[in-house]
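Subject: Handing over a structure, with notes

Hello,

Here is the structure I promised to pass on to you.

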Amino acid sequence: MRGFSLALALPLLAGCAAREIPVEQRMAMAAPAVTVTANGETVPVGTSNADAADDPAIWRNPASPTHSLIVGTDKKAGLYVYGLDGKSRDFVDAGRVNNVDLRDGVAMPSGPGVLVVASDRNDVAQAKLALFRLDTATAKLTPLGTLAAGSGEAYGVCLYREGRTLHAFIVLKDGRINQVAIDASGAQPTGRIVRTMKLGTQSEGCAADDRTGRLYVAEEDVGLWRFDAHAAGSTAPVKIAAADGRNIVADAEGVAIAAIGADQGYVLVSSQGDNAYAVYRLSDESYVGRFRIARGSVGSVEETDGIDLMLGDFGPDYPGGLFVAQDGHNDGQAQNFKLLAWRDIALALGLPD
């Protein structure tokens with residue numbers, strides 16, 4: 001481009017202006033990114049020719065890691081359960097469920113198990129949480145009901161355990177965040193909003209760290225924020241990183257945590273505007289680096305919405321841990337999710353795995 005000035009153009013990449021710049025130019029203007037390749041992928045979601053696949057959640061099978069499961073949303077239709085081979089093991093017609101998270105060892109009437117919680121936006125005026133039990137032996141989801149989660153359109157969701165209480169943070173489209181205490185032990189699950197936090201504009205992706213009591217939320221055109229996750233904690237946000245067109249190119253979307261030890265690790269955010277992922281150190285929130293998912297044995301990844309990450313043993317195909325990213329293009333097919341080994345990402349970024 002004649003007369004192109006990087007210094008003048010970078011501010012345009014913050015906010016809505018970023019989407020008016022061709023993606024190739026956004027990639028050229030952003031900070032450098034290393035490349036990695038995926039080791040696997042899921043079958044496409046059932047909704048074709050649409051922005052449909054959105055957010056994944058990982059359950060690791062401690063007894064047989066290769067039999068771990070992934071729950072993923074088709075935000076036009078419902079929830080899928082996938083094996084690490086990428087095949088669909090179950091589908092529940094839940095309508096417009098956007099984001100999803102899960103926790104193991106949750107008290108339920110039939111005994112402790114895996115509770116899956118999705119943000120339910122079937123009614124755009126009244127947010128709900130849709131609850132399911134995941135049978136890890138059969139990979140089947142059983143609906144448990146829905147919980148009221150406040151007025152507004154449900155968007156993001158992530159779970160947090162404080163002591164013996166399970167909380168869901170539901171991120172509403174306008175940037176409000178309701179913290180809902182969930183009790184799934186009775187015949188009908190119950191929930192109550194214990195507090196509300198607020199970001200200024202449209203937000204979605206979030207992840208909560210049970211170890212440190214911190215909540216991370218992506219405000220799409222602004223950047224990555226941190227909150228105190230404790231129910232009695234401060235509601236004031238702390239900015240970690242701006243969507244400035246360098247490290248994060250708007251939209252800032254999915255958020256995931258690489259938990260290492262008692263309180264160390266990394267927080268990752270999808271830099272959707274330039275098909276990349278930015279990584280920050282949890283201890284001091286310093287910038288670590290960026291990566292992209294290039295074409296390899298499976299396709300490349302573009303325009304990622306939701307991501308999830310869990311470290312640990314997932315078998316020989318996923319050493320170090322499993323990273324799952326929604327793929328917004330998927331080579332012209334319906335959207336799906338790509339599966340990567342954490343060790344490949346860590347090595348590419350020069351991090352200990």
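Helices and strands here are DSSP runs numbered from the N terminus, with helices being H or I runs of at least four residues and strands being E runs of at least two. This is a predicted model, so to speak of local features we need a pLDDT of at least 70 and for side-chain atom pairs a pLDDT of 80 or more, while totals for chains, interfaces and linings use all residues. Residues are numbered from 1 along each chain as its sequence is written, and side-chain values use heavy atoms, with hydrogens and water left out.

Asp251 sits in the loop between β18 (238-242) and β19. The peptide bond that leads from Ala250 to Asp251 is cis, and its omega is near 15°. As background, most peptide bonds are trans, and most residues other than glycine have a negative phi.

Two asparagines are worth a visit too. Asn49, in the loop between β2 and β3, has a positive phi of about 55° although it is not a glycine. Asn330 is in the loop between β24 and β25 (336-341), and its phi is also positive, near 55°. Are these two residues buried or exposed? For this, buried means under 20% relative accessible area, exposed means over 50%, and partly exposed is in between (1.4 Å probe, protein chains only). Asn49 is exposed, at a relative accessible area of 80%, whereas Asn330 is buried, at 3%.

The nonpolar core

A nonpolar core is a set of buried Ala, Val, Leu, Ile, Met, Phe, Trp, Tyr and Cys residues joined through side-chain atoms within 4.5 Å. The largest one in this model has 23 residues, and the members that touch the most others are Leu268, Phe291, Ile293, Phe323 and Trp342. At least two residues of this core come from each of β19 (252-260), β20 (264-271), β21 (276-281), β22 (287-294), β23 (307-311), β24 (321-327) and α3 (342-349). Which element gives the largest share? That is α3, with 4 residues.

Leaving aside residues up to four places away in sequence, Leu268 has contacts (heavy atoms within 4.5 Å) with several residues, including Val255, Ala278, Phe291, Leu309, Phe323 and Trp342.

Aromatic pairs

Rings of Phe, Tyr and Trp (its six-membered ring) count as a pair if their centres lie within 6.5 Å; planes under 30 degrees apart are stacked, over 60 edge-to-face, and the rest tilted. The structure holds 9 such pairs. One of them is the stacked pair of Tyr80 and Tyr82, at 5.6 Å centre to centre with 15° between the planes. Tyr80 is buried, with a relative accessible area of 11%, and Tyr82 is buried as well, at 0%.

The pair of Tyr266 and Trp342 is tilted, because the planes stand at 40° with the ring centres 6.3 Å apart. This pair links distant parts of the chain, with Tyr266 in strand β20 and Trp342 in helix α3, 76 residues apart. Both Tyr266 and Trp342 are buried. Elsewhere, ring pairs join Tyr80, Tyr82, Phe91 and Phe337 into a cluster.

Salt bridges

Side chains of opposite charge can pair when their charged atoms come close. A salt bridge here is a side-chain nitrogen of Lys or Arg within 4 Å of a carboxyl oxygen of Asp or Glu, and the whole structure has 16 of them.

- Lys75 and Asp51 meet at 3.0 Å, N to O. They link distant parts of the chain, 24 residues apart: Lys75 is in the loop between β4 (69-74) and β5 (78-83), and Asp51 in the loop between β2 (40-41) and β3 (53-59). Lys75 is buried, at 10%, while Asp51 is partly exposed, at 37%.
- Glu153 and Lys173 meet at 4.0 Å, N to O. Glu153 lies in the loop between β10 (140-151) and β11 (154-162) and Lys173 in the loop between β12 (165-172) and β13 (176-183), so the pair ties together parts 20 residues apart in sequence.
- Asp209 and Arg211 meet at 2.8 Å, N to O. Asp209 counts as buried, at 4% relative accessibility, and Arg211 is partly exposed, at 30%.

Salt bridges that share partners also join Asp51, Asp54, Lys75 and Asp305 into one network.
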